[in-house]
Amino acid sequence: MTRLSLFNSPLLLGFEQFEQAIDRISKTADGYPPYNVEQLAEHRLRITLAVAGFGEDDLSVQIEDNQLVIRGRQQDDKERAYLHRGIAARQFQRSFVLAEGIEVKAASLDKGLLHIELERPLVEPEVRKIKIATAKTQSGETPTIQAIRKESKA
């Protein structure tokens, strides 16, 4: 069965990675841990995750194939005997797909909040002129109309 996609248009060439990114995003729909995304300046963002109970050694922040992946893993304390356990030692993975050029500048943990600073460097648009080749520029001579007609009949 063929899947319909916005990116199947013949006018959108080379956008396959966006479709793959949308597929990855749809697979990470878990709501834990909660997070905020703030715009600090025109080219700076901050992602903040609520990771109460997690220490620096319990967390990892990695970039995997243009994807920011934050993982948290707590170990159960086997020596404690709980009469009621409402705060579970829970592991998580939260992923954010990064646009081309986004750089992760820093990560910090403060009062149960993990802050990740992102920046998109300003890139000047590039304009290039493409030279159009003709039969004359490729072979050094201009083909005649008769020669073109003979080639098309063959």
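**Entry 1: starting at β2 and β7**

I began with β2 and strand β7 (residues 113-119), which run antiparallel and are joined by seven bridges. Before going on I noted that this is a predicted model, where local features need pLDDT of at least 70, side-chain atom pairs count only at pLDDT 80 or more, and totals for chains, interfaces and linings use all residues. Residues are numbered from 1 along each chain as its sequence is written, and side-chain values use heavy atoms, with hydrogens and water left out.

My ground rules for the elements: helices (H or I, at least four residues) and strands (E, at least two) are DSSP runs, numbered from the N terminus. Two strands pair if DSSP finds at least two bridges between them.

Next I checked β1 (residues 35-41) against β2 (residues 44-50): six bridges, antiparallel. A hairpin through two residues joins β1 to β2. Val37 has Ile47 in β2 as its bridge partner, and Tyr35 has Leu49 in β2.

**Entry 2: the other sheet**

I moved on to a second open sheet, where three strands run in the order β3-β4-β5, again with antiparallel pairing. Why is one side of β3 and of β5 left without a neighbour in the sheet? β3 (59-63) and β5 (92-97) stand at the edges and each has a single partner strand, so one side of each stays without a neighbour. The twist from one strand to the next averages 15°.

β4 (residues 67-72) pairs with β5 in the antiparallel sense over six bridges. I picked out Gly72, which stands opposite Phe92 in β5.

**Entry 3: the core**

I looked up the largest nonpolar core and found 14 residues, with Leu49, Leu68, Ile70 and Ile116 having the most contacts inside it. Such a core is a set of buried Ala, Val, Leu, Ile, Met, Phe, Trp, Tyr and Cys residues joined through side-chain atoms within 4.5 Å. Buried means under 20% relative accessible area (exposed is over 50%, partly exposed in between; 1.4 Å probe, protein chains only). β2, β4, β5 and β7 are the elements giving two or more residues to this core, and β7 gives the most, with three.

**Entry 4: whole chain**

The chain has three helices and seven strands, running α-β-β-β-β-β-β-β-α-α from the N terminus on. Of its 154 residues, 18% count as buried. Among contacts between residues at least 6 apart in sequence, 48% join residues at least 24 apart.

Terms used. Axes fitted to C-alpha atoms, helices over the stretch in contact; angles between N-to-C directions. Contact = heavy atoms within 4.5 Å.
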